[in-house]
Amino acid sequence: MDKNETHCDETYDWLQDRRHQTVLKTMHTIAYEFNPETGEEIVSPFIHQYLAGNYDGRLLSQVMVEDQVIHPDDLKKSLEFREAVKKGTADEIAIRLRTPEGPYRWFKMKISPYQPPTGSMRYIGTFTEIDNEIRQQEALRYRAEYDLVTDIYNKVTFYTVTGNWLGSEPDITRCLISFDIDRFKIINETHSLSEGDKVLRYIAKLLKQMTYSGETYARNNSDIFYVCLSRPKKEAAEFILELEHLLNQYPLDFQFTLSAGIVHLPHYNGEPLNVLCDWAAMAQNTVKGSYIHRYAFYEEAMSNDLNKEHYITKNMAHALENHEFQMYLQPKYDMRTHTIIGAEALSRWHHPKDGILPPGDFIPLFERNGFIIQMDEYIWDMACKTIRRWLDEGKNPITISVNVSRVHLHDPELCSKLISLTQKYNLPPHSIELEITESAYVDSPDALYDIMDKLQEAGFLFSMDDFGSGYSSLNALKDIPVDVVKIDLNFLQKARRGLQIGRDILEGVIQMIQAIQLPVIAEGVESKEQADFLLNAGCTHAQGYYYAKPMTVSDFEQLLSGKDTAV
Ligand code: C2E
Ligand code: CA
Ligand code: CA
C-alpha cells in the first residue's frame, strides 16, 4: 500500500499488476488512467482481447475515434459525454464498441476523477461489457411495447405514441379506427392457430404499407387492431374498404369481412386515447356481423347511451331495495262483453330524479347484465302478493301474467323459485301466467319444454308472447304446449306489404291458431276499428291502449270495482 502511494504522483503503471488484472478480467472490465496535465496515460494491457483498434501508444480516446472502435451512432454521444465529465455533470454512459471478432457490443464507460495524495488530478476510467444486460433490457422493453405476434405496437404504446402525436398537432384532421375481422375464430378453429397468426401478421404488413409516415397502428388483442390516420372521414372509410379488398387476396379459403368503428377528430380536444378507442369500439359494435355495413362513425349519442347505462348499473340494486320498481297492470279484455279477464304485469321504474322510466330504458340492459333475474323475481312476488290480497279481500281472483325473460331459462332454479312463490302465498292453480317471447320457444325448445312440463304440472299457464314477430311458424305452434298465444298487432301493422295484406295474414293466422284449438289474445289494440276487425276474425280477447293503458295497482282495482269506466 505504502509503495503504491509513494508512486501515485509518478507514472506508476498499477495496471500491469497481475492481481488488478485478474480482478478486472473477472469483471469484464478494462481500465485506464489519464493525467490531463501531463497527457500521460496507462491502459489495461489486455485491452486488445476486448476491443478492436490498434493500441500503438496513441491516446485511448484517439484510437477509439480514429480506428472506429466506437459505433458511429454512439460517437456524438460519447464526445458529449467526455465534455460532461470535465464539467462534472456526468460520469457514466452506455455505448457500443467494436470487438476484435468484429461485432459491436455494449459497454458501460465510467470515468471518475482521482486525486492522489501528491501530484496532479487524474481520471480513472473503466469499460465494462454489459452486452447481455442491455440486450435483455431491450428484449423486455420490446415485449412491453410491441405485440409479439405481429411486431407492431401494442395497445399501450399506441396510446402513448398516438397521444403524443395528437397532442403535438391538435389541429390536424384525423380518424381513429378500431377494426376486427368477422368470424376470425373460424380461421383458428378450421385451419390452425398458426394460420390465424399468419393472417394477423399479414394485416400488420398491410397496415405498414397503407399508412403514411407519422400515422400509427397497433394490435390491441385477438383480432382487434387500431389505426390513427391523418386523413378526412371519407378517406378513412376508403382505407377500411381497401384493407378488406387486399386482405381478401390472402391465400385462404375464407371470405374476409371487416367491422370498423371510426372516430372522426377534426381537431383534438385532449381526450385520453383509451376513451377514443372505446368510442371507436362502440361504433364498431353497431356494424359487427352486418353483411351490408363495414364501418360506422362514432356519434356522441353512443356514449350518452353508455353513460346512461353506467348510471343505471350503478343505481339498480339500490333502486330495488328502495322499492323504486313498481308493478303496473294492463287489463286484458273480453271484447264481446267488455269485461276484464286478466292483466299483464309490466314494470315501471319510479326514479327519484328521472321520473317514471319505461321498461325499454332498463330491461334490455338488465338482460345483458343479469339483473333481470332479481328484478323479475321482485315483480313476480308483487303479482303473487296482489292476487293473495284480492283473495283475502274476497274478490274474484284475476290471473296476472308476468313476463319471463329468456335469461331465466338458464337459471336452474327457475322452477323451484316460481313454485315456492305460489306456495308462499298459497295461490290456486292458474293464478299466474308466464309470458315468454316467441323466439325463446324456437331457440331453446328442449330446455324450455322441461321447464314447461314442471311448471304446468304445478298449475302455471304459459303464453307465447309477441307471436308474429317473425320467428316461429304455425307448424311449430302445434307442437308447443302453450296455453295462450298473444299476437302483437304492432308487428303486423309494420308489415311492409301494406295494411290490407297485414289484415289478410292476421285473419288467416287467427283462424289457424283456432284450428289447433289454442286460445288467442291480440295485444296492441289501439282503435275501435281494430277491435271490430278482430272480433270479426274470431279473436275475442284483447289488450291495448284502446281498452286501457298499463296502470298502477290501485287504479286497476278502481277499474275493476267499476268506479272508473272502461271503454
Ligand atoms: P310486452 O311484453 O310485449 O308488453 C307489451 C307492451 O306493449 C307494453 O310496453 C305495453 O305498455 C305496450 N302496449 C300495450 N298496449 C299497447 C297499445 O295499444 N299500443 C302500443 N303501441 N303499445 C301497447 P311496455 O310496458 O313499455 O313494455 C315493453 C316490454 O318490456 C314488454 O313488452 C316486455 O317485453 C318488457 N317488460 C316490461 N315489463 C317487464 C318485466 O317486468 N319483466 C320483463 N322480463 N320484461 C318486461
Ligand atoms: Ca308480455
Ligand atoms: Ca308482447
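User: How are the donor residues of the calcium ion (ligand 3) spaced in sequence?

Analyst: Along the sequence they follow the pattern D-D-x56-E, where a donor is an N, O or S atom within 2.8 Å of the metal, or 3.2 Å for Na, K and Ca. Water is not among the atoms, so sites may look incomplete. This is a predicted model, in which local features need pLDDT of at least 70 and side-chain atom pairs count only at pLDDT 80 or more, while totals for chains, interfaces and linings use all residues. Residues are numbered from 1 along each chain as its sequence is written, chains are lettered from A and ligands numbered from 1 in the order in which they are written, and side-chain values use heavy atoms, with hydrogens and water left out.

User: Okay, which residues are the protein donors there?

Analyst: For ligand 3 they are Asp 465 (OD), Asp 466 (OD) and Glu 523 (OE), at 2.0 to 2.4 Å from the calcium ion.

User: And which ones hold the calcium ion (ligand 2) as donors?

Analyst: Glu 344 (OE), Asn 403 (OD1), Glu 435 (OE) and Asp 465 (OD) are its protein donors, lying 2.1 to 2.4 Å from the ion, and in sequence they are spaced E-x58-N-x31-E-x29-D.

User: Which residue bridges the two calcium ions?

Analyst: Asp 465 does, coordinating both ligand 2 and ligand 3, and the two ions lie 4.0 Å apart.

User: Switching to ligand 1, how many residues surround it?

Analyst: There are 23, and the closest are Gln 330, Arg 348, Asp 376, Glu 526 and Tyr 545; a residue is counted if one of its heavy atoms lies within 4 Å of the ligand.

User: What lies 2.5 Å from a nitrogen atom of ligand 1?

Analyst: That is a polar side-chain atom of Glu 526, and it forms a polar contact, meaning a pair of N or O atoms within 3.5 Å. A backbone N or O atom of Tyr 545 is 2.7 Å from an oxygen atom of ligand 1, while a backbone N or O atom of Ser 347 is 3.1 Å from a nitrogen atom of the ligand.

User: How much of ligand 1 does the protein bury?

Analyst: Taken alone, ligand 1 exposes 790 Å², of which the protein buries 81%, with accessible areas coming from the Shrake-Rupley method and a 1.4 Å probe.

How values were computed. A polar contact is a pair of N or O atoms within 3.5 Å; within protein, one must be able to donate a hydrogen and the other to accept it, and residues adjacent in sequence count only if both atoms are side-chain atoms.
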